Amino acid sequence: MTFDIRAVTLDLDDTLWPFAPIGERIERRMHDWLEVHSPATARQFPIEAMRELRTQVFANNPHLIHDLSTLRKLTLEQALRESRADMALLEPAFEIFYAERNKVECYPDAIDALKRMAARVPVAALTNGNADLARCGLAEHFVFQLGAREHGAAKPEASIFHAACVRLDLPPEQVLHVGDHAVMDAAGAMRAGLRAAWLNREGADWPLDEPRPDLEFSTLTALADWLDAHLDDKDSAAA
């Protein structure tokens, strides 16, 4: 398949790194911190209870689905308040969360593939999550990071894809969005007029009753290989 790609937008969680280990580590670290600084909160909200509270807060605030940091802070605030803790602990507690959130361990193929892609075209991060690429130590590989919180709406809303294209100064059809989520990433990008590459590491079946994405890969290395070949073919044709 041939089409004109001038830039890549890249999802982060479960595309560059797995999120599940991060989430589990956050829960353990937060509970350990609360046991020291607010034992009453730790007793009332052990890991499972804190997880249930977080689910409840997310469900009660659908208007904030694009702002995961605020939802996390609301969860901590409610836990502290219900356990009659010192509310001055809210900001330090959130910093514990955010420090752990930005300790990422990339998939083995991710960094090399990212470097290869960034050497060929501009690569921008496009995420619903709240990772900070500067704190993760990965910002140098990206021309910018656009998050749902910053934009005010989350993928698969077309507006966040279009905002990235505007910042790249390219029409949507010349931007390839890459991500692991069939709806948020692949289908969302296609509906917004971008090209889409579904990173399907687990070999899952396409789950939607709508067109498959333009491209599908099981690794970021395979994507980088495709991009190299695609751009080399385009350069040869133009010569």
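Q: Among contacts in the protein between residues at least 6 apart in sequence, what percentage join residues at least 24 apart?
A: Of the contacts between residues at least 6 apart in sequence, 59% join residues at least 24 apart. Contact here means heavy atoms within 4.5 Å. The model is predicted, so local features need pLDDT of at least 70 and side-chain atom pairs count only at pLDDT 80 or more, whereas totals for chains, interfaces and linings use all residues. Residues are numbered from 1 along each chain as its sequence is written, and side-chain values use heavy atoms, with hydrogens and water left out.

Q: What makes up the secondary structure of the protein, and what box do its C-alpha atoms fill?
A: The protein has 11 helices and 6 strands. Helices (H or I, at least four residues) and strands (E, at least two) are DSSP runs, numbered from the N terminus. The C-alpha atoms fill a box of roughly 70 × 35 × 30 Å, taken along the principal axes.

Q: Which domains does the domain assignment give, and how far apart are their C-alpha centres?
A: The assignment gives domain 1 (7-17 + 105-230) and domain 2 (19-102). Such bounds come from an automatic or database domain assignment. The C-alpha centres of domain 1 and domain 2 are 29 Å apart, and their contact takes 15 residues from domain 1 and 13 residues from domain 2.

Q: What area do domain 1 and domain 2 bury between them?
A: The size of an interface is often given as the accessible area lost when the parts come together. Domain 1 and domain 2 bury about 1200 Å² between them, with 43% of it on carbon and sulfur atoms. Buried area is the accessible area (1.4 Å probe) that two parts lose on being put together, summed over both. On the side of domain 1, Asn-130, Arg-135 and Arg-149 lose the most area to domain 2, together 54% of what that side buries.

Q: Why is the pair Arg-135 and Glu-95 called a salt bridge?
A: A salt bridge requires a side-chain nitrogen of Lys or Arg within 4 Å of a carboxyl oxygen of Asp or Glu. For Arg-135 and Glu-95 the closest N and O atoms are 2.8 Å apart, and the pair is therefore a salt bridge. The count between domain 1 and domain 2 is 3 salt bridges, while a search of the whole structure finds 22.

Q: Why is His-177 called buried?
A: Buried means under 20% relative accessible area, exposed over 50%, and partly exposed in between (1.4 Å probe, protein chains only). His-177 has a relative accessible area of 0%, and therefore counts as buried. By the count for the protein, 49% of its 239 residues are buried. His-177 lies in strand S4 (residues 175-179).

Q: What makes the pair His-177 and Thr-9 a polar contact?
A: A polar contact is a pair of N or O atoms within 3.5 Å; within protein, one must be able to donate a hydrogen and the other to accept it, and residues adjacent in sequence count only if both atoms are side-chain atoms. The side chains of His-177 and Thr-9 make such a contact at 2.8 Å.

Q: How do you know that Glu-100 and Arg-29 form a salt bridge, and which parts of the chain does the pair link?
A: The side chains of Glu-100 and Arg-29 meet at 3.7 Å, N to O, in a salt bridge. The pair links distant parts of the chain, Glu-100 in helix H5 (residues 90-101) and Arg-29 in helix H1 (residues 20-37), 71 residues apart. Lys-103 also forms a salt bridge with Glu-100, at 3.0 Å between the closest N and O atoms. Arg-25, Arg-29, Glu-100 and Lys-103 are linked in a network of salt bridges.

Q: Why are Glu-100, Arg-29 and Lys-103 classed as they are by accessibility?
A: Glu-100 has 6% relative accessibility and therefore counts as buried. Arg-29, at 33%, is partly exposed, and Lys-103, at 46%, counts as partly exposed.

Q: Where is Asn-128 found, and which backbone nitrogen lies 2.8 Å from a polar atom of its side chain?
A: Asn-128 is found in the loop between strand S2 (123-127) and H7. The backbone nitrogen of Lys-155 lies 2.8 Å from a polar atom of the Asn-128 side chain.
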